[in-house]
Amino acid sequence: RYAGYLGLMVLAGALAAEAFVWRRPMPAGAHALLTPALGVVALTALAQLAVLAGDLTGRPAWSSLGSLGEAPEHPVGMALVIRIVLAFVAWLVVVRERPTAPDLASAVVLLLSIGMLGTWAFTGHARSLRWPWVGVPIDVAHHGAAAAWVGGLAVLGAIALPGRHVDDAVPLARRFSRLAPWCVGIIVVTGVLQTLRIDGGPLGLATTPHGRLVVVKLALLGVMLWMADRNRRLVLGRFQPDVLGAGDVLVLRRMMLRELAVGVVVVGVTASLVATDPG
């Protein structure tokens, strides 16, 4: 589940960076990430399908591959199969065929990514607890915004900045710093609504394993927000394109990667939350 989340983060991060940061067709370095990201999404879904088949048959997951055909009969299994199909279609349409119209390629991947996010919502607490008609779209928005923020940091920090001219680094970081607050706002609002729906209030946060993990996630998110605000102030204040040196670009990249490191831990806690029963 954790690896699947990370694959989706890279996929959505490349899309967000293309639309709001580069504002032009996806660079070759970012496009090259699509195949491994889609592969991780598909393979982790297949592994989860094997685990589900093991649960249904009472055998270990590694000995249940012959029973994979039974898993799609369960709603969760069907969602996992749909995720695998969507990942394959995304690879076939966008990576293998490489449409000549970049806008069309981005639109296709965006729609398929939303569909994949829907399968995550359908296999977790968003669907299995009360008010699923509210929980599923909230979950899609929550994880989509998180993927744009964390995945955007990964793609921009690891690929865009090192290969960019010094004069391009600050505009890229500034455009990303305008995207991130919108992502944060969506994350906070949807996270509060989802917590109220699942845990019911402060008492649930203090008395259940799920609630305590939410508290850990909130604490880590607070650290990440502090780092993001500090980075944003530095980008808007200290770094100016006309006086920026190569060393400043390295500092800028290091700042983004530190923020990303905390985000990766938050994603790990989120993966644990999905596997923890609320009260």
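Predicted model: local features only at pLDDT ≥ 70, side-chain atom pairs only at ≥ 80, totals over all residues.

Residues are numbered from 1 along each chain as its sequence is written, and side-chain values use heavy atoms, with hydrogens and water left out.

The largest nonpolar core has 54 residues. By nonpolar core I mean a set of buried Ala, Val, Leu, Ile, Met, Phe, Trp, Tyr and Cys residues joined through side-chain atoms within 4.5 Å; buried means under 20% relative accessible area, exposed over 50%, and partly exposed in between, with a 1.4 Å probe and protein chains only. Among the residues that touch the most other members are Leu38, Met116 and Trp149. Helix α1 (2-22) is one of those that supply at least two residues, and α1 gives the most, with 11. A second, separate core of 7 residues includes Ala45 and Leu49.

Leaving aside neighbours within four places in sequence, Leu38 is in contact (heavy atoms within 4.5 Å) with Leu11, Ala87, Ala90, Trp91, Val95 and Met116.

Ser177, in helix α8 (residues 166-199), counts as buried because its relative accessibility is 7%. Not counting residues up to four places away in sequence, Ser177 touches Arg232 and Leu236.

Finally, Ile114 lies in helix α5 (residues 102-122), and it counts as partly exposed because its relative accessibility is 42%.

Key
Helix = DSSP H or I, 4+ residues; strand = E, 2+ residues; numbered from the N terminus.
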